[in-house]
Amino acid sequence: MFKCVIFDCDGTLVDREYIGSEGLAISLADYAIQKSAIDIMRNYRGMRLVDILADLSAAHNVVFKKNIDSEYRELVIGLLKLKLQPFAGVKQSLEGLTLAKCVASNAPLEQTLISLETTQLRQFFEDDVFSAYQINTWKPKPDIFLHAAQKMGYSPSECLVVEDSPVGIAAANAAGMRSVLIDPEGQYSALNSSYRIDNMTGLEAILLDN
């Protein structure tokens, strides 16, 4: 029986993946790299920025400025405050969820808190928000989910992870946790997740069966 639900944030609770990709597309244009936000999101969903930039640098033979990451994050924070919205069904699902719950993200803690506060979701988690930057290890390694479970006081077998990305599902599997993949476009049909839903409204049925 599940006792704790661990949510990813970007692309799972809030529609930040597209906005982040939009910001990166704007940043890359300064280096004559033309990428659409959709292409960036599909190719790099869930990955940390340093790995995305390393891949793009190698692919386009470009050396990025040392401060590209800070410039990018500043740009994205501005876009988030203007545009960010929770996904359909998220607020209703969180309101009805009586199990313990937390957020475990690859993103910096400050960025995740801004996303949750902007979309009025912070109230559902309070301080139970964890970042891979706090432990210096990122998905697809399992550490952030294990860290979250330990902080929440539950064993891996008692936790259900809700994710939208291949790296997130890989991390959940490596942590020995069952996982829910939110995949509205059927993009990741080959991923080995425990459950698969189109949007957050499908989470209730999974929890009722356990």
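**Notes on the predicted model**

1. Lysine 35 has its place in the loop between helix 1 and helix 2, and the structure that contains it is a predicted model. With a relative accessible area of 29%, lysine 35 is partly exposed. Once its neighbours within four places in sequence are left aside, its contacts are Ala25, Leu28, Ile40, Leu56 and His60. Serine 21 lies 14 residues from lysine 35 in sequence, and the two C-alpha atoms are 9.2 Å apart in space.

2. In general, a pair of packed helices is described by the angle between the axes and the distance between them. For helix 1 and helix 2, the axes come within 8 Å and cross at roughly 115°, and the crossing is right-handed. Helix 1 contributes Glu17, Tyr18, Ser21, Glu22, Leu24, Ala25 and Leu28 to the contact, while helix 2 contributes Ala37, Ile38, Ile40 and Met41. Sorted by class, this contact has eight nonpolar residues, one polar residue and two charged residues.

3. Not counting residues up to four places away in sequence, arginine 45 touches Glu17, Ile40, Asp164, Ser165, Val167, Gln187 and Tyr188. Of these residues, Glu17 and Ile40 also take part in the contact of helix 1 with helix 2.

4. Where do the buried residues of helix 4 lie when seen down its axis? Helix 4 has 16 residues and reaches 22 Å from its first C-alpha to its last, close to the 22 Å expected at 1.5 Å a residue. Its buried residues are Ile68, Tyr72, Val76, Leu79 and Leu80. Down the axis they fall within an arc of 105°, so they line one face of helix 4. An α-helix has 3.6 residues a turn, so residues three or four places apart point the same way. The face turned away from the buried side carries the exposed residues Glu74, Lys81 and Leu82. Among the elements that cover the buried residues are helix 1, helix 3 and helix 6 (109–118).

5. The loop between helix 7 (132–135) and helix 8 (143–152) holds proline 140, and the peptide bond that joins lysine 139 to proline 140 is cis, with omega about 20°. Leaving out residues up to four places away in sequence, proline 142 touches Ala171, Ala174 and Ala175.

6. Isoleucine 135 has its place in helix 7 and counts as partly exposed at 26% relative accessibility. Apart from its neighbours within four places in sequence, isoleucine 135 is in contact with Asp143, Ile144 and His147. The C-alpha atoms of isoleucine 135 and histidine 147 are separated by 8.3 Å, although the two residues are 12 residues apart along the chain.

7. In helix 9 (residues 166–174), the buried residues are Val167, Gly168, Ile169, Ala171 and Ala172. They pack against helix 8, strand 4 (159–163) and strand 5 (178–182). Ala171 is also one of the residues touched by proline 142, and Val167 is one of those touched by arginine 45. Just after helix 9, glycine 176 takes a positive phi of about 75°.

Methods:
Residues are numbered from 1 along each chain as its sequence is written. This is a predicted model: local features need pLDDT of at least 70, side-chain atom pairs count only at pLDDT 80 or more; totals for chains, interfaces and linings use all residues. Side-chain values use heavy atoms; hydrogens and water are left out. Helices (H or I, at least four residues) and strands (E, at least two) are DSSP runs, numbered from the N terminus. Axes are lines fitted to C-alpha atoms, for helices over the stretch in contact, and angles run from 0 to 180 degrees between N-to-C directions. A crossing is left-handed if the near helix is turned anticlockwise from the far one by less than a right angle, and right-handed if clockwise. Contact means heavy atoms within 4.5 Å. Ala, Val, Leu, Ile, Met, Phe, Trp, Tyr, Cys and Pro count as nonpolar, Asp, Glu, Lys and Arg as charged, and the others, Gly among them, as polar. Buried means under 20% relative accessible area, exposed over 50%, partly exposed in between (1.4 Å probe, protein chains only). The expected span of a helix is 1.5 Å times one less than its number of residues. The arc is that of the directions from the helix axis to the C-beta atoms.
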